[in-house]
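Student: Could we go through this model together, starting with the conventions and then moving from one element to the next?

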Amino acid sequence: MVFPGTWSDRDCAHALLDVLREPVRYIDHREQTVEGLDLVILPGGFSYGDYLRCGAIARFAPVMEAVTDFAHRGGLVLGICNGFQILQEARLLPGALLRNASCEFRCEWVHLRVEQNNSAFTLDGRPGQVLRIPISHGEGNFFADAETLDALERNGQVVLRYCASDGRVTEESNPNGSLRNIAGISNAHGNVVGMMPHPERACEPLLGSDDGLLLFRSAIHALTRVAV
Amino acid sequence: MRYRAEVFVTLKPVVNDPAGLTIRGGLHALGFESVTEVRAGKYLVLTLDESDAAQARARIEEMARQLLANAVIEDYRIELQPIGEAIAAGERPS
């Protein structure tokens with residue numbers, strides 16, 4: 001999905017097309033349909049300049065109606081960084097992302113603990129597994145009210161948490177002030193996932209890590225499983 | 001009638017406001033130590049043509065709910081005042 005101001009679309013395409021050899025199509029924000037797609041990715045960036053709120057304007061892009069239908073029909077949707085913010089503004093995922101507690105843009109490698117493998121994008125993971133993936137954002141401070149947070153935990157919708165390299169969830173390993181160190185969540189069905197870290201930037205050893213492939217490979221396996 | 005609406009969007013009291021905290025820190029550094037809290041928000045000014053004040057307010061409420069504020073984290077307050085007769089389409093000076 002390419003909105004005005006999207007910047008990580010080519011990195012996502014590189015991960016899927018060049019590394020995993022899967023066909024990729026760029027979808028313009030003005031398109032009316034996502035027919036024929038198995039997986040929709042909303043990549044990172046600053047859609048519409050992040051005016052008003054991150055993701056607030058992108059939510060009204062013509063293509064988002066089709067994406068919402070696709071998600072409601074069980075289609076796989078991954079929102080990365082700004083894409084996560086858009087999915088929340090579109091109410092496809094709960095909560096909101098506030099300005100980082102430090103008020104700084106944070107661009108660095110973090111460790112993430114896979115919390116559960118029920119979502120389409122963590123199917124290949126095992127709970128407790130630690131991934132090394134970079135973040136790059138100024139507004140990734142996950143917020144939801146206490147009731148929503150408890151519901152997310154209870155339903156196993158917390159997919160990824162910021163952690164130390166040994167998997168311990170600590171305050172020091174939280175780069176942005178996210179409540180309960182939440183880095184990624186899924187919807188109740190597990191077909192829609194939003195995450196602040198950039199798996200597409202950790203898909204080859206040359207880049208420092210290929211841990212991000214887990215997310216894309218899981219989705220491919222989820223699709224194969226549905227087809228069978 | 002033409003109206004001018006001011007919309008104040010602020011983070012809900014339960015939501016942390018890192019920008020407000022940073023501004024407070026700056027004020028303290030300048031010696032304004034009496035400041036105990038700063039909450040940062042957005043200020044929007046809208047000009048709109050509606051039949052009456054009740055209708056104008058209802059429309060802005062809708063706008064605030066759908067776009068101007070995010071109900072998950074933000075509250076809003078609207079202040080409305082008439083600023084004269086609406087200029088009909090076509091009468092607008094080019």
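Tutor: Let me begin with a definition: the expected span of a helix is 1.5 Å times one less than its number of residues, where helices (H or I, at least four residues) and strands (E, at least two) are DSSP runs numbered from the N terminus. This is a predicted model, in which local features need pLDDT of at least 70 and side-chain atom pairs count only at pLDDT 80 or more, while totals for chains, interfaces and linings use all residues. Residues are numbered from 1 along each chain as its sequence is written, and chains are lettered from A and ligands numbered from 1 in the order in which they are written.

Student: OK, so what does helix H2 of chain B span between its end C-alpha atoms?

Tutor: Helix H2 (residues 53-68) of chain B spans only 19 Å between its end C-alpha atoms, whereas a straight helix of 16 residues would span 22 Å at 1.5 Å a residue.

Student: And what about H1(B), how far apart are its end C-alpha atoms?

Tutor: They are 16 Å apart, which agrees with the 16 Å that the 12 residues of H1(B) should span at 1.5 Å a residue. Just after H1(B) comes Gly31(B), with a positive phi of about 100 degrees.

Student: Back to H2(B): which residues are buried there?

Tutor: Ala56(B), Ile60(B), Ala64(B) and Leu68(B) are buried in H2(B), where buried means that 20 or more other C-beta atoms, placed from the backbone, lie within 10 Å of a residue's own, exposed means 12 or fewer, and partly exposed is in between.

Student: Why are they on the same side of H2(B)?

Tutor: Because they cover an arc of only 75 degrees around the axis, the arc being that of the directions from the helix axis to the C-beta atoms. As a general point, an α-helix has 3.6 residues a turn, so residues three or four places apart point the same way.

Student: Which exposed residues are on the face turned away from that buried side?

Tutor: That face of H2(B) carries Ala54(B), Ala58(B), Glu62(B), Arg65(B) and Gln66(B). The buried residues of H2(B), for their part, pack against strand S1 (2-11), strand S2 (41-49) and strand S3 (74-84) of chain B.

Student: New topic: how many residues does each chain put into the contact between A and B?

Tutor: Chain B gives 9 residues and chain A gives 10 residues. On the side of chain B that touches chain A, the largest share, 3 residues, comes from helix H1 (residues 18-29) of chain B. That side of chain B divides into 6 nonpolar, 3 polar and no charged residues, with Ala, Val, Leu, Ile, Met, Phe, Trp, Tyr, Cys and Pro counted as nonpolar, Asp, Glu, Lys and Arg as charged, and the others, Gly among them, as polar.

Student: How many residues does the largest nonpolar core have?

Tutor: It has 70 residues, and those with the most contacts inside it are Val40(A), Leu78(A) and Ala219(A); a nonpolar core is a set of buried Ala, Val, Leu, Ile, Met, Phe, Trp, Tyr and Cys residues joined through C-beta atoms within 7 Å. Helix H5 (residues 213-227) of chain A gives the most to this core, with 6 residues. Apart from this core lies another, of 9 residues, among them Ala5(B), Val7(B), Ala64(B) and Leu68(B).

Student: Which strands pair with S9(A), and in what sense?

Tutor: Strand S2 (residues 76-80) of chain A runs parallel to S9(A), joined by 4 bridges, and strand S8 (residues 182-186) of chain A pairs with S9(A) in the antiparallel sense over 3 bridges, where pairing requires that DSSP finds at least two bridges between the strands. Val77(A) stands opposite Val192(A) in S9(A), and Met195(A) is the bridge partner of Gly184(A).

Student: Last one: is Cys81(A) buried or exposed?

Tutor: Cys81(A) counts as buried, with 28 C-beta neighbours inside 10 Å, and Cys81(A) has a positive phi of about 60 degrees although it is not a glycine.

Technical notes:
Two residues are in contact if their C-beta atoms, placed from the backbone, lie within 7 Å.
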